[in-house]
Amino acid sequence: MQATLCFSSMETQIKADEHTRRRYLEQFLAQVERRALIMAEIATSSREEALDLVQDSMLAFATKYARKPQSDWTPLFYRILQNRIRDWYPSQCSA
């Protein structure tokens with residue numbers, strides 16, 4: 001019975017930690033959204049393209065790096081955004 005209680009307690013803690021991490025991730029993305037959109041819009045001269053790039057960057061960040069330490073989130077996110085913008089330019093030149 002003790003092992004069941006311990007496992008149940010650990011499972012509850014893991015769920016609470018995941019909820020907390022998700023909340024921190026949502027807060028982080030809300031904080032960087034405006035600046036990221038401005039950066040992408042300046043780079044692309046298109047609101048629609050900028051929105052697509054920022055959304056793609058946020059999805060990639062959340063999928064690949066959300067479990068990294070929060071102190072690493074800002075440089076990781078902006079590196080992803082810069083790479084998405086850089087990748088966007090060649091596709092526009094060949095169109």
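## A serine and its polar contact

Let's start with one side chain: a polar atom of the side chain of serine 57 lies 2.8 Å from the backbone oxygen of leucine 53. Please keep in mind that the model is predicted. Serine 57 is found in helix H2, which covers residues 47–65.

Is serine 57 buried or exposed? Serine 57 is buried, because its relative accessible area is 0% and the cut-off for buried is under 20%. Not counting residues up to four places away in sequence, serine 57 touches Phe77, Ile80, Leu81 and Arg84.

## The overall fold

Stepping back to the whole chain, the protein has three helices and zero strands. Read from the N terminus on, its elements run α-α-α. The chain has 95 residues, of which 26% count as buried.

In soluble globular proteins, nonpolar side chains tend to be buried together. Here, the largest nonpolar core has 22 residues, and those with the most contacts inside it are Phe28, Val54, Phe61, Phe77 and Leu81. H1, H2 and helix H3 (73–93) each supply at least two residues of this core. Which helix gives the most to this core? That is H1, with eight residues.

Leaving out residues up to four places away in sequence, leucine 81 touches Ala36, Met39, Ala40, Leu53, Val54 and Ser57. Leu81 is also one of the residues with the most contacts inside the largest core, and serine 57 has Leu81 among the residues it touches.

## The two sides of H2

Helix H2 has 19 residues and reaches 26 Å from its first C-alpha to its last, close to the 27 Å expected at 1.5 Å a residue. Its buried residues are Ala50, Leu53, Val54, Ser57, Met58, Ala60 and Phe61. They cover an arc of only 165 degrees around the axis, so they sit on the same side of H2.

An α-helix has 3.6 residues a turn, so residues three or four places apart point the same way. What does the other face of H2 carry? Turned away from the buried side, that face holds the exposed residues Glu48, Gln55, Leu59 and Thr63.

Now for helix H1 (residues 2–44), where you will find leucine 37. Leucine 37 counts as buried because its relative accessible area is 14%, and the cut-off is under 20%. Which residues does leucine 37 contact, leaving aside neighbours within four places in sequence? They are Arg47, Ala50, Leu51 and Val54. Leucine 37 and leucine 53 are 16 residues apart along the chain, and their C-alpha atoms are separated by 8.4 Å.

Serine 45 lies in the loop between H1 and H2. Its phi is near 60 degrees, a positive value in a residue other than glycine. Serine 45 is exposed, because its relative accessible area of 69% is over the 50% cut-off.

Finally, have a look at glutamine 82, found in helix H3. Glutamine 82 has a relative accessible area of 36%, so this residue is partly exposed. Glutamine 82 and serine 57 are 25 residues apart in sequence, and 9.0 Å separates them in space, C-alpha to C-alpha.

Key
Residues numbered from 1 in each chain as written. Predicted model: local features only at pLDDT ≥ 70, side-chain atom pairs only at ≥ 80, totals over all residues. Heavy atoms only, no water. Helix = DSSP H or I, 4+ residues; strand = E, 2+ residues; numbered from the N terminus. Buried < 20%, exposed > 50% of the residue type's maximum accessible area, 1.4 Å probe, protein only. Contact = heavy atoms within 4.5 Å. Polar contact = N/O pair within 3.5 Å; in protein donor to acceptor, adjacent residues only side chain to side chain. Core = buried A, V, L, I, M, F, W, Y, C linked by side-chain atoms within 4.5 Å. Expected span 1.5 Å × (residues − 1). Arc of directions from axis to C-beta.
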